[in-house]
Amino acid sequence: MAKIAIIGCHRVQDQLCIACSKCLKAIAKREGEFARYKDDEVELMALGDCGDCPGLFMPKVTLVNEITHMIDRDFDIIHLGTCVVKAKKTGQCPLDFEQLAALVKEKMGKELVVGTHDY
Ligand code: SF4
Ligand code: SF4
């Protein structure tokens, strides 16, 4: 069982990419970065945004971690939404994915996967 959380771009989530339907589809069909779970069950434990300002990413993810733990819904892997990947490629998003992956590993012992779907 893969227990995941998805973190999207505050500026895009539910504004330009509506209702997170694309990530939900990709999970259901095991497409894009979810193909890695093709032989596994996936449970989406949390779906939220980056906190808007790049400096708020780690505090926001830490809160998500604390809340899910508090309600006994811990996750093991964080996926950065494709919205975040696109924001970096085309919108000058300043997030440093390698640095974030290292911080998530160090502070929470969890994995960070860059991306979700290809739609
Ligand atoms: S551009 Fe980057 S830092 Fe800004 S809201 Fe989107 S993901 Fe977050
Ligand atoms: S890429 Fe995924 S997380 Fe981001 S807004 Fe779209 S569906 Fe939601």
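**Contacts, fold order and strand pairing**

In this predicted model, 76% of the contacts between residues at least 6 apart in sequence join residues at least 24 apart.

Colleague: What makes two residues count as a contact here?

Modeller: Their C-beta atoms, placed from the backbone, lie within 7 Å.

Colleague: Which pattern does the protein follow along the sequence?

Modeller: The order is β-α-β-α-β-α-α-β, made up of four helices and four strands.

Colleague: Why is the protein called as compact as a globular protein of that length?

Modeller: For 119 residues the globule rule gives 14 Å, and the radius of gyration is 13 Å, close to that value, so the description holds. Along the principal axes, the C-alpha atoms fill a box of roughly 35 × 30 × 25 Å.

Colleague: How do you know that β1 and β3 pair?

Modeller: Pairing requires at least two bridges, and β1 (residues 2-8) and β3 (residues 77-80) have four. They therefore count as paired, in the parallel sense. Within this pair, I6 is opposite H79 of β3.

Colleague: What joins β3 to β4?

Modeller: Four bridges do, and the two strands run parallel.

Colleague: What makes a residue count as buried, and what percentage of the protein does so?

Modeller: A buried residue has 20 or more other C-beta atoms within 10 Å of its own. By that cut-off, 29% of the 119 residues are buried.

Notes. Residues numbered from 1 in each chain as written. Chains lettered and ligands numbered in written order. Predicted model: local features only at pLDDT ≥ 70, side-chain atom pairs only at ≥ 80, totals over all residues. Rg over C-alpha atoms; globule rule 2.2 N^0.38 Å. Buried ≥ 20, exposed ≤ 12 C-beta atoms within 10 Å, placed from the backbone.
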